Amino acid sequence: MKVPIDWPARQRALGATESAESVLVVLTTPEPGGKGFSAFGNRGADSSAHQTMAISVDKVPVGIWRLQAEFHALPEGNGATVATASAIVQVRADGALLSASGAPLGSIAVQSQIAGVVVNDQQTVTVGSQVAPEVTAFTPNGIAALSPNAVRYAIVGGGEHATLTSGLVRGVSPGDVTVTAEVDGITSGGQVISVVTPGTKITTVDIAAQGLAGMPGSNTIYAAVGGQGAQNPNSVVAIDTSTGAVTGSVSIGSAPQYPTLSADGKTLYVVVDNGASVAKIDSTTMTKTAEFSIGTDPFGQPLTAAGLAVSPVDSNVVAVSTNWIGIGIQIYRSGVRLGHVDSRSDQGATAVAFNDTGSAVFSVTGFSPSELIRDDVDSSGVTAVTTAGGNGGYPVSFEGGRLYVGNTAYNPATLQSIGQFVNAEGTFGGLAVDATLGRAWQVSRTRLIAFDIATFGRVASYPLPSDNINSTNIVRFGAKGIAFIEQGGGIGGGRIDLLNIAPGL
């Protein structure tokens with residue numbers, strides 16, 4: 001890592017930025033307690049304006065990092081801190097630094113005209129503690145180092161969650177507080193700082209997961225791992241959520257996906273063989289106990305599964321949503337395909353979920369404009385009874401008497417919208433809903449966001465360790481845990497993040 005430093009002509013005014021003699025630049029991962037890399041540099045004997053490089057000894061991995069620089073009054077990092085600079089940056093493979101937006105970072109200027117101010121993303125403060133918000137000030141050519149007390153802050157939203165005194169934000173109650181910063185007459189836009197209670201913990205499992213299954217109260221989740229995974233390829237693994245360790249594995253066939261647990265957590269189903277079959281697993285012993293083909297359509301073409309659900313009242317009954325070539329929702333009892341097809345057989349379905357009594361299944365058709373369908377379930381299979389238009393969200397889930405599709409909740413009887421979850425990031429991944437706790441959680445780019453399911457309002461958020469996650473595969477575990485796949489998995493799969501959530505979030 002090489003960081004260019006622009007030194008101005010030296011002066012001797014006490015505490016002035018121009019009096020700095022050395023700089024320490026540190027890169028850390030955005031999450032708390034992350035590994036750090038440092039670069040150090042002295043101004044040197046030249047008293048005129050000039051540029052030097054702060055160079056790190058160790059190679060910094062490619063990724064998103066938090067940059068912090070301290071300018072000191074004496075050489076070798078000694079003396080008072082007379083200026084600081086900070087930014088969220090990207091490190092390229094060649095060691096170059098970019099801004100969070102991907103633009104060139106430029107040099108760090110000890111003193112220069114301010115062209116822009118940004119409150120850094122992914123900041124937290126715990127209830128009862130206080131922090132000085134991190135701010136990036138830009139010159140026309142790079143980052144500006146700011147002398148102490150150069151920034152004026154303001155809370156412009158969520159003031160019930162924090163107070164602001166002498167430039168320090170103090171956490172009062174869990175939630176999101178929006179802060180702006182002003183430097184030399186230039187004011188930033190508002191940025192969320194998360195106020196959290198101590199105890200939220202993030203554990204990352206570096207495994208190429210393509211699907212997750214979990215349930216509240218259980219400290220084990222299950223991941224389907226594709227053939228490209230370096231560990232446990234073409235298998236389903238059990239993961240201890242307290243440690244992130246793989247505690248069991250079963251080889252299951254090619255391209256496993258859509259792992260789904262029964263209501264009692266004892267049986268796990270997963271789609272295998274590139275969507276052609278469904279395997280049944282005893283989750284307590286991690287052994288495969290059965291496998292069945294999902295069959296063909298009326299034209300003899302193989303069906304391909306696009307979703308899977310287990311009846312909440314009979315773990316031998318599963319619903320499979322099939323591809324657009326196929327015939328929509330199919331019901332299987334102990335591997336035997338039942339009769340009837342849904343009325344939208346020309347479009348197939350992309351996702352499926354049972355209601356809480358097992359008497360109906362809900363699905364979304366695969367083509368645009370998509371349709372939301374309710375099918376009644378009986379001993380013969382399914383029969384479509386209600387259709388509504390307009391939501392292609394994925395996945396579909398049923399919780400607490402409501403149907404959730406994408407970011408919208410529906411009345412399951414009428415398929416009419418009840419409300420919608422909206423966040424300022426403008427993106428929306430999958431939902432994990434817990435009616436008992438009255439919360440819904442969503443992963444959106446850089447944050448886990450918590451919503452109140454009664455009001456649909458955003459109540460809190462927590463920064464995540466990577467950028468642009470936007471996962472559609474998110475499940476619950478334990479007393480208040482969330483697991484999700486970064487980048488939504490895909491052909492190569494993605495690593496898993498486990499969040500043991502503290503109260504308030």
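**Close-up views of aromatic pairs**

View 1. Trp65 is buried, with a relative accessible area of 5% (buried means under 20% relative accessible area, exposed over 50%, partly exposed in between, with a 1.4 Å probe and protein chains only). Phe37 is buried too, at 8%. This is a predicted model, in which local features need pLDDT of at least 70, side-chain atom pairs count only at pLDDT 80 or more, and totals for chains, interfaces and linings use all residues. Residues are numbered from 1 along each chain as its sequence is written, and side-chain values use heavy atoms, leaving out hydrogens and water.

Rings of Phe, Tyr and Trp (its six-membered ring) pair if their centres lie within 6.5 Å; planes under 30 degrees apart count as stacked, over 60 as edge-to-face and the rest as tilted. By this rule there are 7 aromatic pairs. Phe37 and Trp65 are edge-to-face, because their centres are 5.4 Å apart and their planes stand at 80°. Phe37 sits in strand β3 (residues 36-42) and Trp65 in strand β5 (residues 63-72), 28 residues apart. Strands (E, at least two residues) are DSSP runs, as are helices (H or I, at least four), numbered from the N terminus.

**View 2. The stacked pair Phe362 and Phe398.** Here the ring centres are 5.9 Å apart and the planes lie at 10°, so the pair is stacked. Phe362 belongs to strand β33 (residues 360-364) and Phe398 to strand β36 (residues 396-399), so the pair ties together parts 36 residues apart in sequence. Both Phe362 and Phe398 are buried.

**View 3. An aromatic cluster.** Tyr404, Phe421, Phe451 and Phe456 form one aromatic cluster.
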